[in-house]
Amino acid sequence: MNSVKSNAVLSDNDRLSPDISPSLTALHRRDVLKYGGLAALLCGLPSIAKAATVSPVETIAALPHDNQPFSAVINGYQEHVIIRWGDPLQPMQPFSLAEMTPERQLHCVGISCDYTAFFPLPKNSKNSQHGLLTINHEFPNPSLMHADATRPDAAHTRLEQAAVGVSIVEVRRQGQQWQVVTDSPYNRRLTALDTLYHIKGHAAGSKRLQTLQDPTGTRVMGMMGNCAGGVTPWGTLLTCEENISHFFAGHTDIEEQNYQRLGIGQQCKYPWWSAHDPRFDLQQTPNEANRYGWVVEIDPYNPKSTPVKRTSLGRFKHETATVVLSKNQHVVVYSGDDQQFEYLYKFISKDPYIPGRSTDHLLDTGTLYVAKFAENNTMTWLPLVFGNTPLTPDNAFHSQADVLIETRRAADLLRATTLDRPEGISIHPHTGDVYVSLTNNSLRTAAQVDDVNPKANNTTGQILRLQPGEDDHASLAGKWDLFLLGGRNHNEASGEWLACPDNLLFTEQGQLLIGTDGMGDVADINDGLYMADATGAVKQLYRCPLGAELTGMSQTPDQRTLFISVQHPGNGSTWGNPSTRWPDFKDGTPPRCSVVAITRTNGGRIGG
């Protein structure tokens, strides 16, 4: 979910044509009619959508594209920064970010704000004025965290480890603005530095998860790379560990094939291993990286609870964990693996969810599946189950734990369909269709183009729509089509087109909110928040400040407040010379990732 993680450097030839998406040449080689003609290619006219009452995109003018150091919101809406990186979660003496220490950071909001979720207070209520806001913190940003980032040391490392993970914050609406309750017993930080996590599910206890510090393979100190997530029907948070490869260095022969498949030991960006922390040195602790890359369940209502890494949902670079119930009330969790040529997955629980009964086992017992798309707009879900050919000892799988630890390699062997960075996933509230953003993939060649990935050198992305078989998320069959192709249309000066779709969230009215990540790379304009109607027509609602991406959309139950995260404003610049000082715009203060509340000036619902 971080635009700086792209594996490709864009040239001038990668940038968008001034008038039309560059994807049409590739698409015309296929049967264009199956997408409903040229209008469907540009607008995403639905071919599988069921009848539903869907509000159109609002008639007010779209916010125009721009490249500015400040944020902007569409007419009729207002924005309010609720909380920033470094803001205290408990009462403490005022201090500057230059004085931040690891000990202080453990009591302050983390950096790189990402996925958010709102949990009403009291629990099980529909209260939209008071609740708990959870915030993911994906990665450190050393050049903007440290006044002097040229000499990383143990203190720098500890500060960075304390700044990632998750924040849980009590918030209350006062009039038109939201306030943080700084003396709340719910306020909590979960980090890579000092938080203990249980490990449960089919891989728990595996020898490949055991270390000298944890010979049981069931407990781990640390969580990081927290990107997107989800909310369970029983009121817990699912937060996803994504780019774990950025945190480990060194080499080990023990897990060479496994780690190579995830880029571990090859893509390290943060030298935590060099600061006397053996967890992140593969030579010293060869199994440690197997203990990351999972979906983590957290109970925000119980500040004394221990979070749980749910291994039955697979180990890969999880972008999201979107939860929905099947017709028979089984728990279904959709998740994308955010990298070029990776896969889309879903987990189906063995047992149904029954309110009032224990839920602790539901995400531990069940089956993980990977998606295979066909060119006739059908799809199937393939079970990732040990013993089913080819997931056997002949291919170095000796247990279900092995399959889950090496989920990517298992999906390779099943010949699942590789996708262009599957990221955001949201369920249409009326039709039950599943919308999946494929952000981009400039590495795809013309020879690798297929119907579901129709663009070579795909710098602009697309959004898929999946219709589960028999309208049941437990079905292992379904249909798919292309809902929206990223790229310019003929409204060149307007905000009525987007590229690089990332986070997705449906309003209750059926409008799709889309956050983008990478428009600066392909069009020299700021990322932002867009709204799409059932035809795929889009309109920009919010524009991020320079260098930031739009992440973390969530809403209050009454749909009158939309929470968003503005991640890494000023990205690529430094503390002393930032490209923006958003949101404070104070000399000596670096740009600060923040959570923003967006509301309508007339008090109405988001989207009307």
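**A hairpin and a set of salt bridges**

Strands β18 and β19 form a hairpin with four residues between them, and N377 in the turn has a positive phi of about 65°. Helices (H or I, at least four residues) and strands (E, at least two) are DSSP runs, numbered from the N terminus. The model is predicted: local features need pLDDT of at least 70, side-chain atom pairs count only at pLDDT 80 or more, and totals for chains, interfaces and linings use all residues. Residues are numbered from 1 along each chain as its sequence is written, and side-chain values use heavy atoms, with hydrogens and water left out.

Y369 has P383 in β19 as its bridge partner. Strand β19 is also joined, by three bridges, to the antiparallel strand β24 (residues 477-485), where K479 is the bridge partner of T378.

Turning to side chains, the whole structure holds 24 salt bridges, each a side-chain nitrogen of Lys or Arg within 4 Å of a carboxyl oxygen of Asp or Glu. One of them links E406 and R208 (3.0 Å, N to O). E406 lies in the loop between α7 and α8 and R208 in the loop between β8 and β9, so the pair ties together parts that are 198 residues apart in sequence. E406 is buried at 6% relative accessible area, where buried means under 20%, exposed over 50% and partly exposed in between (1.4 Å probe, protein chains only).

R408 and E342 form another salt bridge, with their closest N and O atoms 3.5 Å apart, and both residues are buried.

Note on methods:
Two strands pair if DSSP finds at least two bridges between them.
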